[in-house]
Structure formats: structure tokens, C-alpha cells
Amino acid sequence: MKTAEMMNTYPAAINLDRDLLARTVDALVACAQACTACADACLSEEMVADLRKCIRTNLDCADICATTARVLSRHTGYDANLTCAQLQACAQACKSCGDECEQHAGHHEHCRICAEACRACEQACNELLAAIG
């Protein structure tokens, strides 16, 4: 991905570590993709009715991660309070989705992979939150 390269072209000061910011955006994009793909895979499973909550949680997490990536990619007029609130919501969405996918990971490989992406993204959001202070 070109995230770090793009972050380094921003002409003004960024009050956050650009590498940490880029890694977080990359984790967010990867998680959004994994959640979208997992939801789609769940829809193809024979027992789709048993996966309704997983599908819903996947789609919510994907949307929240994608939005958070966009918010973190904008720096002009930066609002730390808004960024922190968005990161907190995203970390919670990733935790919820990771927990839900873990329940199905023994039967569905896509849920195992998605749970891993959610855990990595949750950690990245929390690391950035800690750096913001």
C-alpha cells in the first residue's frame, strides 16, 4: 500500500508519528477487506441462518474501519477529540467482530482469518490512541 508514502508527502506538520499512523491506516483497510470478504463467505455457507450475527458484525466492522481509515487520512483542521472517539468506536467494533468470528473459527477458515485481522486492527487502534494520549 502507498499509505506511508502518502503520509510522508503531507506538507504541514502532523502531530502524530507518521509511521504509526500509516500502519494503523493499513490495519484498518486490511480489516475492512477481511470483514467484507468474511461476510460474503458467510452468506455462501449452508448454515447461513446461524451466521446472521457474524455477517452483521462483519459488515458493521468493515464500515467503521473504512470510515476510520478515511478520518485518519485527513490532517487539515485535525480534531483530536473526534479522532479519539472514532478510534475508540473502531477498537470496540473490532473487538466485537473478533469475538464473534472466533466463535465460528473452528468451522470456517474465513472467520479465523477475519478474527485475526480484527485483533490486529483493534491493537493498532489502541496503540494510536495511546500515542495521542
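Being a prediction, the model has local features called only at pLDDT of at least 70 and side-chain atom pairs only at pLDDT 80 or more, while totals for chains, interfaces and linings use all residues. Numbering starts from 1 along each chain as its sequence is written, and side-chain values use heavy atoms, with hydrogens and water left out.

Let's start with α2 (residues 18–44) and α5, whose axes come within 8 Å and cross at roughly 155°. Helices here are DSSP runs of H or I, at least four residues, numbered from the N terminus; axes are lines fitted to C-alpha atoms over the stretch in contact, with angles from 0 to 180 degrees between N-to-C directions. The pair is therefore roughly antiparallel, a label for angles over 145 degrees. Their crossing is left-handed, meaning that the near helix is turned anticlockwise from the far one by less than a right angle. On the α2 side the contact (heavy atoms within 4.5 Å) includes L20, L21, C31, C35 and C38, and on the α5 side C114, C118, C121 and L128 are among the partners. By class, this contact has 19 nonpolar, two polar and one charged residues. Ala, Val, Leu, Ile, Met, Phe, Trp, Tyr, Cys and Pro count as nonpolar, Asp, Glu, Lys and Arg as charged, and the others, Gly among them, as polar.

Now for α3 (residues 52–72) and α4 (residues 80–104): the axes come within 9 Å and cross at roughly 150°. That makes α3 roughly antiparallel to α4, and this crossing is left-handed too. Among the α3 residues involved are C54, C61, C65 and L72, meeting α4 residues that include C90, C94, C97 and C101. The contact divides into 13 nonpolar, eight polar and two charged residues.

Helix α3 also meets α5 (residues 109–132), with axes within 12 Å and a crossing of roughly 35°. The crossing is left-handed. Here C54, N58, C61, C65 and L72 in α3 meet C111, C114, C118, C121 and L128 in α5. Nine of these residues are nonpolar, one is polar and none is charged.

The largest cavity holds about 40 Å³, a volume being the space filled by probe spheres set on the points, which are joined across faces, edges and corners. Its lining (residues with an atom within 4 Å of a point) consists of L16, L21, V71, L72, R74, H75, Y78 and T83. By class, that lining has five nonpolar, two polar and one charged residues.

Terms used
Helix = DSSP H or I, 4+ residues; strand = E, 2+ residues; numbered from the N terminus. Parallel < 35°, antiparallel > 145°, perpendicular 65-115°, else oblique. 1 Å grid on protein atoms, 1.4 Å probe; cavity = no way out; pocket = protein on both sides within 12 Å on 5 of 7 lines; lining within 4 Å.
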